[in-house]
Protein chains: 2
Amino acid sequence: MCSTKFNGKKMVNKRELLLKSADELIHAQGFQSTTLADIARHSKVPLGNIYYYFKTKADIGNAVIQLRESKLQDLLKQLDQLETPKARLKAMTETIIANKKDIVKYGCPIASLSQEAGKIEDSMIKKADSILRLLVDWAIKQFKEMGFRQNARMKGIQFVSHIEGMTVVAQALKDPVVLDCQVKALKIWLDDIKN
Amino acid sequence: MCSTKFNGKKMVNKRELLLKSADELIHAQGFQSTTLADIARHSKVPLGNIYYYFKTKADIGNAVIQLRESKLQDLLKQLDQLETPKARLKAMTETIIANKKDIVKYGCPIASLSQEAGKIEDSMIKKADSILRLLVDWAIKQFKEMGFRQNARMKGIQFVSHIEGMTVVAQALKDPVVLDCQVKALKIWLDDIKN
DNA sequence: GTCTATACGGCGATAGAC
DNA sequence: GTCTATCGCCGTATAGAC
């Protein structure tokens, strides 16, 4: 059972509510800095009630990872409807511009989670970098479709590296213009590239 | 007073010892996951004694930031002795290969600290990204020396982005070969570049 | 299913003997 | 300067009434 009805109007269930709050807070503050009390306050769900929906805090972390992975999958599915692989890759770079503000403030939601997860030896959030892997594999696929063979992998990794690199630098420099310029450069690279 | 003597032999003082432990542990586990007990155990200094050398945990964090900044400055000074700016930039990429193992395991010590610091609103570690800024400025200087004018800044940022991006991807994919390939690509980019 | 009160443990920090 | 013992807080998690 996932959603309740009230006066015939569909309402978001609390689990979704909590997850959405956790997602936002973790993006802004990181997993470790985000307390269950934070999530409770932000989602207006009482602290103790969280445990009805999630067994542990690590569970919430994993749910957020899963959420971001499915968000990425949706995006990729969307991009795949474009005709040429080059158009898809370019469209991907445009999503960076669309999320400019958040990226400069909080960094890339995929990479930051992945990096933080790598530092927690406890017993949790182990598959965070599978999200980034997903992105890399998608990029490689695009380059293969463009006619690349042995070096499609290298090009795909280069593409993703470029994206992640610019977010790191933009955040450190607190300068959204960095993203504009680097996306432009990345597009030029895509145009000039030859196999 | 910074170092003590024992039998005429110079010994590292405890502050340095603690700092070195903190540096290593924070690189491996992150600042938040690293407890004072960790540092005490690793450096074999009793927990309570840490407070003789550092007022708070945040102080330790800041000292580590300073340490990494001065390490970077030393490296840049070293590279500056090379004749051409292009040779300096290439030599910089080679330091990535030299630290391959650690980077794949723990990521870039500069970027990871910078990112984690950005998520801690508390009252500490505010100037972590000044280190990355230092690197960017140095890179820009190199491109200016190469004859670039208005777009030297963009090229410098692109260079650093490339470096930081490859470390993120290499860590997520847990694949040191990524670094080999991307460094190679970066060198080719430096050779083919024209102003 | 919902919510309050509270137990429990860990970590940063301090007191104070030596 | 060094080190042990311990305090106090905060964050996760649980008990249990409703």
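How many salt bridges are there between chain B and chain A? The count is four, a salt bridge being a side-chain nitrogen of Lys or Arg within 4 Å of a carboxyl oxygen of Asp or Glu.

## Basis of the model

This is a predicted model, in which local features need pLDDT of at least 70 and side-chain atom pairs count only at pLDDT 80 or more, whereas totals for chains, interfaces and linings use all residues. Residues are numbered from 1 along each chain as its sequence is written, chains are lettered from A and ligands numbered from 1 in the order in which they are written, and side-chain values use heavy atoms, with hydrogens and water left out.

## Interface between chains A and B

Contact, defined as heavy atoms within 4.5 Å, links 40 residues of chain B with 40 residues of chain A. The two chains bury about 3,200 Å² between them, 55% of it on carbon and sulfur atoms; buried area is the accessible area (1.4 Å probe) that two parts lose on being put together, summed over both. On the chain B side, the residues that lose the most area to chain A are B:Q115, B:K119 and B:L173, together 20% of what that side buries.

One of the salt bridges joins the side chains of A:D129 and B:K174, at 3.6 Å from N to O. Polar contacts between chain B and chain A amount to 12 residue pairs, both residues at pLDDT 80 or more. Such a contact is a pair of N or O atoms within 3.5 Å; within protein, one must be able to donate a hydrogen and the other to accept it, and residues adjacent in sequence count only if both atoms are side-chain atoms.

In chain B, α1 (14-29), α7 (109-119), α8 (129-145), α9 (152-173) and α10 (176-192) each supply at least two residues of the side that touches chain A. Helices (H or I, at least four residues) and strands (E, at least two) are DSSP runs, numbered from the N terminus. The largest share of this side, 15 residues, comes from α9(B). By class, the side of chain B that touches chain A has 18 nonpolar, 14 polar and eight charged residues. Here Ala, Val, Leu, Ile, Met, Phe, Trp, Tyr, Cys and Pro count as nonpolar, Asp, Glu, Lys and Arg as charged, and the others, Gly among them, as polar.

## Surroundings of DNA strand C

DNA strand C is surrounded by 15 residues, the closest being A:Y52, A:Y53, B:L36, B:Y51 and B:K57; a residue is near the strand if one of its heavy atoms lies within 4 Å of it. The nearby surface comprises seven nonpolar, six polar and two charged residues, and its largest share, four residues, comes from helix α3 (residues 47-53) of chain A.

Phosphate oxygens of DNA strand C lie 2.3 Å from a side-chain N or O atom of A:Y53, 3.0 Å from a polar side-chain atom of A:K14 and 3.4 Å from a side-chain N or O atom of A:N49.

## Two glutamines of chain A

A:Q115 lies in helix α7 (residues 109-119) of chain A and touches B:S112, B:Q115 and B:Q171, not counting residues up to four places away in sequence. A:Q115 counts as buried because its relative accessibility is 14%; buried means under 20% relative accessible area, exposed over 50%, and partly exposed in between (1.4 Å probe, protein chains only). α7(A) is mostly covered, with nine of its 11 residues buried, including A:I110, A:L113 and A:K119.

A:Q150, by contrast, is placed in the loop between α8 (129-145) and α9 (152-173) of chain A. With 72% relative accessibility, A:Q150 counts as exposed. Its C-alpha atom is separated by 36 Å from that of A:H27, 123 residues apart along the chain.
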